[in-house]
Amino acid sequence: MKDLIKKVTEAFGPSGAEGSVREVIRKEIEPYVDEIRVDALGNLIALKKGKGGKKVILDGHMDEIGLMVTHIDDKGFLRFGNIGGVNPFVALGQRVYFENGTMGVIGSERVDDPKDLKLEKLFIDIGAKSKEEAAAKVNVGDSCAFYQPFVDLGDRVVAKAMDDRIACVVIIEVLKRLKDAPHDIYAVFATQEEVGLRGARAAAYGITPDVGIAFDVTRTGDTPKARTMEVSLGGGAAIKVKDSSVIAHPALKNYMVKVAKEKGIKYQMEVLEAGGTDTSAIQMTKAGIPAGCISIPCRYIHSPCEMVDMGDVEACVLLAKALCESSLEF
Ligand code: CO
Ligand code: ZN
């Protein structure tokens, strides 16, 4: 799975520019699904047919946070706005890359008090010596992503865009391992989550499933002096109870716990106090869809160095596969 994680996380795909990552995922899943399509929002939707059971969505978002060029100044420095939640303290000093291969580094205006470090104080330097030289490589409206290679630390791995490519990997693995499931499994690799759960909303409306299961990263409380949080890295698949966008369907949440216990899959309960997920977009589709979420514990979310534990990733795959194979009567 590590090779797949490397390939999928290193693909380019800030919200609205998910084309490259979509092609990487399409190639991976094509042999394992019956139908595949891309909708108007760019969602990649694959169907693995069952035997007349329920319609089930497995959703993970393809997009990552990034930066969008808003202005090129006379000296060739780029000003930018954020795509999703970008922290200026995390961004400063990072390398970024554009889809056409242009690289840049993030610098800052003089800031005397660290409290004054805001995104508008930062700029991207692509090494251009003039506005003309910069404009030949990058246009206003182009987006870029943090540039960091995948790192294998053993049981744990680090990459940019684990949020939410690690969920894409979990769903790809489920599609690969699932044989003869009773249900119609719709894998939704969604767009534009980081800017407001937009892709999943349209995809869920188009499919109108009986059950929706989203997959996303969740933060942990196990680093030095972290904000209190029950979830820890290595603690197993995190079954969402609540985040700031959704309360998971209680009966589905309890059913997930029951299946995890029956199959001996390591799990932990997740209450995420700040942060939303596609779960809520799916849940509020049409007259309402029972929706829940399996979260992958992740440290340093929305940084270029997001860390996950391979045991947790495997537990998420096993739980998702077990759910797809179960009756889903809850
Ligand atoms: Co995110
Ligand atoms: Zn996410």
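Donors, as the word is used here, are N, O and S atoms within 2.8 Å of the metal (3.2 Å for Na, K and Ca), and because water is not among the atoms, sites may look incomplete. The model is predicted, so local features need pLDDT of at least 70 and side-chain atom pairs count only at pLDDT 80 or more, while totals for chains, interfaces and linings use all residues. Residues are numbered from 1 along each chain as its sequence is written, ligands are numbered from 1 in the order in which they are written, and side-chain values use heavy atoms, with hydrogens and water left out.

Select ligand 1, the cobalt ion, which is coordinated at 1.8 to 2.6 Å by Asp163 (OD), Glu194 (OE), Glu194 (OE) and His302 (NE2). Asp163 lies in helix 5 (residues 162-177) and His302 in the loop between strand 16 (291-297) and strand 17 (306-309), so the pair ties together parts that are 139 residues apart in sequence; helices (H or I, at least four residues) and strands (E, at least two) are DSSP runs, numbered from the N terminus.

Next, colour by domain, using bounds from an automatic or database domain assignment: domain 1 (2-64 + 160-325) and domain 2 (66-146). Their centres, taken over C-alpha atoms, are separated by 30 Å. Between them the domains bury about 1,100 Å², 62% of it on carbon and sulfur atoms, where buried area is the accessible area (1.4 Å probe) that two parts lose on being put together, summed over both. Select Phe12, His302 and Pro304, which supply 49% of the area that domain 1 buries against domain 2, more than any other three residues.
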